[in-house]
Amino acid sequence: MATEQSTIPLLTPYKMGKFDLSHRVVLAPLTRQRSYGNVPQPHAILYYSQRATKGGLLIAEATGVSDTAQGYTDTPGVWTKEQVEAWKPIVDAVHAKGGFQPNGQAPVSSTDKPLQSDDIATYSPPRRLETEEIPQIVNDFRTAARNAIEAGFDGVEIHGAHGYLIDQFMKDEVNDRTDQYGGSLENRCRFALEVVEAVSKEIGAERVGIRLSPFSAHSECADSNPEALGMYMVESLNKYGILYCHMVEPRIKNAGEQIQTHRSLSPMRNAFSGTFMAAGGYNREDGNKTVEENRADLVVYGRWFLANPDLPRRFELNADLNKYDRNTFYTSDPVVGYTDYPFLQPNPSA
């Protein structure tokens with residue numbers, strides 16, 4: 001006799017490489033700015049373990065690969081021994097609940113064009129990387145990937161989206177370089193693929209994912225032909241055999257801003273040979289529809305998972321969701337807006 005859960009597409013099992021996932025609801029990498037001094041804190045143990053489920057996939061927040069990789073204050077790093085040690089109990093707590101947790105991030109810039117300040121941060125002008133510096137940045141990603149595995153993570157997600165360094169190289173409205181990392185689509189994607197290759201060689205392609213947002217204009221980082229960019233990247237990624245591609249929907253132009261568009265991730269989804277994840281403004285209904293129609297293997301949730309630590313359970317029961325509070329997304333409080341969102345009663349973590 002089929003259970004109710006088995007009829008809900010988001011709650012059907014999925015095999016992602018060597019990982020047997022029990023459902024398809026994935027925690028997005030959410031910047032929370034609560035890692036004081038760039039060191040993960042004990043309160044993150046509760047935050048991540050609250051959102052862990054047996055066979056569930058969590059993607060840890062964007063994590064710096066070097067001391068030049070900090071876009072915002074109090075974001076975690078993974079380039080020092082202290083940071084690696086601080087991550088271990090967090091990862092252990094997730095694993096204790098049967099969850100999986102990849103991790104990753106980015107550094108500097110492809111350009112020296114300044115970025116306008118926003119409600120999250122005031123940005124200092126960037127420094128354009130010299131051509132001869134880029135191999136060292138690639139090596140920073142490789143070292144950070146090794147450190148993440150040492151910390152106990154199951155794998156690494158390379159952050160190539162939302163205006164981080166890799167995205168800055170790929171997008172032609174930011175990248176104004178004249179060396180082999182600028183100009184043509186192939187040149188603009190060269191840095192991203194060098195990072196993918198280095199990280200895959202270091203920890204194994206079966207442990208590597210990448211996040212991309214070709215359609216996004218987040219942090220003034222946009223491209224004139226996002227379809228071509230997305231297709232070039234997924235076709236190139238296929239050569240490395242990485243575990244997954246995590247792509248942001250075209251309807252998301254900036255953080256929290258959705259637009260109407262005829263554009264679709266379907267061409268990229270169909271071209272990519274590994275697991276394909278989709279993110280961007282999903283609710284229960286369209287997440288289920290996306291899985292049912294095979295438009296993605298897994299659906300990634302940010303704000304709703306932030307506010308509902310038991311989101312898969314709420315989807316199973318079609319229960320009401322806690323409303324999220326934008327005012328506490330990026331505050332430094334270790335509890336408020338972080339670990340104080342209530343579970344359904346009775347509390348499944350008790």
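**Fold, size and aromatic contacts**

Q: How many helices and strands does the protein have?
A: This is a predicted model, where local features need pLDDT of at least 70 and side-chain atom pairs count only at pLDDT 80 or more, while totals for chains, interfaces and linings use all residues. Residues are numbered from 1 along each chain as its sequence is written, and side-chain values use heavy atoms, without hydrogens and water. Helices (H or I, at least four residues) and strands (E, at least two) are DSSP runs, numbered from the N terminus. The count is 10 helices and 10 strands.

Q: What is the radius of gyration of the protein?
A: The radius is taken over C-alpha atoms, and the globule rule is 2.2 Å times the number of residues to the power 0.38. For 350 residues, a compact globule would have a value near 20 Å; the protein agrees, with 19 Å.

Q: What percentage of the residues in the protein is buried?
A: Buried means under 20% relative accessible area, exposed over 50%, partly exposed in between (1.4 Å probe, protein chains only). W87 and F153 are both buried. Of the 350 residues, the buried share is 57%.

Q: Which kind of pair do the rings of W87 and F153 form?
A: Rings of Phe, Tyr and Trp (its six-membered ring) pair if their centres lie within 6.5 Å; planes under 30 degrees apart are stacked, over 60 edge-to-face, the rest tilted. The whole structure holds 12 aromatic pairs. Here the ring centres of W87 and F153 are 5.2 Å apart and the planes stand at 70°, so the pair is edge-to-face.
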